[in-house]
Amino acid sequence: MPKFLSALILSCLFICGADAQKWEAGATIGPSGYIGDLNPTNPLKFSGISGGIFVKHNFSGYLSVKLGYMYGTISGADSTSSNPQYVNRNLSFSTSLSELSLTGEFNFKNYIPQIGDNVFTPYIFAGIATTAYNPQATYKGVVYNLRPLGTEGEAPYSNSTIAIPYGAGIKFNFSGAWNFIVDLGYRATTTPYLDDVANNYANKSQLSGVALALSDRSGEKTGDYIGTAGTQRGNYRGNDTYMFFGFSVSYTFISQKCPTF
């Protein structure tokens, strides 16, 4: 984990522990997806499942800070595209995502379970995260890690990325201190390689074995390989984004010393 993120989390926990008025803890489950070279246009295309846990400190009925951990999977395959160009490219990938995040939340209504008048509120959130990932592909029945292969002739990229979470949702106080939360959150990453696809086809004379086979998969069915060195392999669209659609249940611990903040 980057040192600055560790310091930020520790500082947050110290401040919250020094003036703990209202804590909340919960768990999340839902679908996950990504936007990148194998899904360039659909922001609601889900390809995996995710789950996680979180702890939150509510400073008031409007403002909160949340420390969360999410684990999910995403995948993509050109073979499922309606675009003939992508179908001919014939690339595919899957990866797990292991995310630790610190986010701030703003409620549009004064939301205090058990105490306040509002039983629901829309909200927005944003923050920072660090995420580990490991793109893989299946070739002749065997799963290979793509990162060490250098399929575009690149130096091995990092297996983690800084991400910026942002999104919106709605919270419901459905029973006592219990909350039901639905939200959609996107994560703008600092890497184009969640899917191991970014730029151009590599010079095949510099690759061998599985790396050579997985760099250009266009001719696996037809025998006609289109991956000429230096021609476009990715979409040049910049860094990848992933998303979680979450259904959460949480419990709020309200301080008896300060029931109305």
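## Lining of the largest cavity

Strand 9 gives the most to the lining of the largest cavity, five residues. Strands here are DSSP runs of E, at least two residues long, numbered from the N terminus. This is a predicted model: local features need pLDDT of at least 70, side-chain atom pairs count only at pLDDT 80 or more, and totals for chains, interfaces and linings use all residues. Residues are numbered from 1 along each chain as its sequence is written, and side-chain values use heavy atoms, with hydrogens and water left out.

The lining has 23 residues. T28, K66, M70, D183 and R187 lie nearest the centre of the cavity. Strands that each supply at least two lining residues include strand 2 (46–58) and strand 3 (63–77). By class, the lining holds nine nonpolar, seven polar and seven charged residues.

## Cavity count and volume

The whole structure has four cavities of 30 Å³ or more. A cavity is a set of points on a 1 Å grid where a 1.4 Å probe fits but cannot get out; lining residues have an atom within 4 Å of a point. The largest has a volume of about 250 Å³.

## Nonpolar surface patch

A nonpolar patch covers about 1,100 Å² of surface. Its residues have over 30% relative accessible area and no salt bridge, with nonpolar side chains joined within 5 Å. Strand 8 (160–175), strand 9 (178–189) and strand 10 (241–254) each give two or more residues. Strand 10 has the largest share, four residues.

F172 is one of the patch residues and sits in strand 8. F172 counts as partly exposed because its relative accessibility is 33%, between the limits of 20% for buried and 50% for exposed (1.4 Å probe, protein chains only).

Note on methods:
Patches are made of residues with over 30% relative accessible area and no salt bridge: like charges are joined within 9 Å, nonpolar side chains (Val, Leu, Ile, Met, Phe, Trp, Tyr) within 5 Å. Accessible areas come from the Shrake-Rupley method with a 1.4 Å probe; for residues, only the protein chains shown count as cover. A salt bridge is a side-chain nitrogen of Lys or Arg within 4 Å of a carboxyl oxygen of Asp or Glu. On a 1 Å grid over the protein atoms alone, a cavity is a set of points where a 1.4 Å probe fits but cannot get out, and a pocket is an open set with protein on both sides within 12 Å along at least five of seven lines; lining residues have an atom within 4 Å of a point. Grid points are joined across faces, edges and corners, and a volume is the space filled by probe spheres set on the points. Ala, Val, Leu, Ile, Met, Phe, Trp, Tyr, Cys and Pro count as nonpolar, Asp, Glu, Lys and Arg as charged, and the others, Gly among them, as polar.
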